[in-house]
Amino acid sequence: DMNAEVKEVKFDKCDEDKETLTKIMSESVLCSHLEPAEVSRIVDAFEKVTFDADTEIISQGDLEAEHYYVLGKGSAAVYKDEVKLDLVYGAGDGFGELALMYNAPRAATVKSLEACEVWRLDQMTFKVIVMGSAIKKRERY
Ligand code: CMP
């Protein structure tokens with residue numbers, strides 16, 4: 001069991017935050033194949049962090065990708081090769097999955113447009129639960 005050797009990451013959070021994250025993740029394509037118990041473990045593993053306005057949450061080219069992110073409050077813009085894309089993230093939007101899924105450098109810069117509250121999920125939980133479960137399910141058939 002590939003989950004057995006992995007230490008569980010867990011950050012305390014209030015019921016309201018738990019409910020919000022559960023709703024967001026249950027509706028996310030990343031979690032569409034997961035059992036409710038697995039979604040609940042993911043929700044537990046999210047940690048709330050804050051960013052000032054005009055701050056890079058993700059920097060394009062970074063080789064060390066440690067987190068997947070979900071925006072809690074605020075908004076953030078996406079830049080690719082210094083060009084601002086026509087894409088603004090708002091509450092409930094997730095980003096930063098590409099580098100984790102493909103072990104690649106960060107493919108874009110995500111920068112806060114105002115002070116933001118951001119949920120971050122460590123890469124180990126992301127990989128073991130979100131990606132691991134898809135692999136396990138596939139191997140059953
Ligand atoms: P990641 O490469 O891990 O970090 C930057 C994130 O920006 C990326 O994952 C995506 O979640 C997000 N993103 C949004 N638009 C783009 C885009 N056009 N190209 C690459 N990444 C994008």
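Reader: Where is Val 130 found?

Author: Val 130 is found in helix H4. Please keep in mind that this is a predicted model.

Reader: Why does Val 130 count as buried?

Author: The relative accessibility of Val 130 is 5%. Buried means under 20%, so at 5% Val 130 counts as buried.

Reader: Which residues does Val 130 touch, and what makes that a contact?

Author: Not counting residues up to four places away in sequence, Val 130 touches Leu 30, His 33, Ile 42 and Thr 125. Contact means heavy atoms within 4.5 Å. Along the chain, Val 130 and Ser 32 are 98 residues apart, and their C-alpha atoms are separated by 9.4 Å.

Reader: Where is Asp 54 found, and why is Asp 54 called exposed?

Author: You will find Asp 54 in the loop between strand E1 (47-51) and strand E2 (56-58). Its relative accessible area is 58%. Exposed means over 50%, so Asp 54 is exposed. Asp 54 also has a positive phi of about 60 degrees, although it is not a glycine.

Reader: What makes Asp 81 count as exposed?

Author: The relative accessibility of Asp 81 is 54%. With the cut-off at over 50%, Asp 81 therefore counts as exposed. Asp 81 lies in the loop between strand E4 (76-80) and strand E5 (83-89). Its phi is positive, about 50 degrees, although Asp 81 is not a glycine.

Reader: Which residues of H2 are buried, and what do they pack against?

Author: In helix H2 (36-45), the buried residues are Glu 38, Val 39, Ile 42, Val 43, Asp 44 and Ala 45. The buried residues of H2 pack against H1, E1, E8 and H4.

Reader: What makes a set of residues a nonpolar core, and how many residues has the largest one?

Author: A nonpolar core joins buried residues of nonpolar kinds, such as Val, Leu, Ile and Phe, through side-chain atoms within 4.5 Å. The largest nonpolar core here has 21 residues. Those with the most contacts inside it are Met 25, Ile 42, Phe 46, Tyr 68, Val 70, Leu 121 and Phe 126. At least two residues of this core come from each of H1 (15-26), H2, strand E3 (67-73), helix H3 (97-102), strand E8 (116-122) and H4 (123-139). H2 gives the most, with four residues. Apart from this core lies another, of 14 residues, including Ile 57, Ile 58, Tyr 69 and Val 78.

Reader: Which residues does Leu 121 touch?

Author: Leaving out residues up to four places away in sequence, Leu 121 touches Ile 42, Ala 45, Phe 46, Glu 66, His 67, Tyr 68 and Phe 126.

Reader: How many helices and strands has the protein chain, and in what order do the elements run?

Author: There are four helices and eight strands. From the N terminus on, the order is α-α-β-β-β-β-β-β-α-β-β-α.

Reader: How do you know whether the protein chain is as compact as a globular protein of that length?

Author: The globule rule gives 14 Å for 141 residues. The radius of gyration of the protein chain is 15 Å, which is close to that value, so the protein chain is as compact as a globular protein of that length. Taken along the principal axes, its C-alpha atoms fill a box of roughly 45 × 35 × 25 Å. Of the 141 residues, 40% count as buried.

Definitions and conventions: Residues are numbered from 1 along each chain as its sequence is written. This is a predicted model: local features need pLDDT of at least 70, side-chain atom pairs count only at pLDDT 80 or more; totals for chains, interfaces and linings use all residues. Side-chain values use heavy atoms; hydrogens and water are left out. The radius of gyration is taken over C-alpha atoms; the globule rule is 2.2 Å times the number of residues to the power 0.38. Buried means under 20% relative accessible area, exposed over 50%, partly exposed in between (1.4 Å probe, protein chains only).
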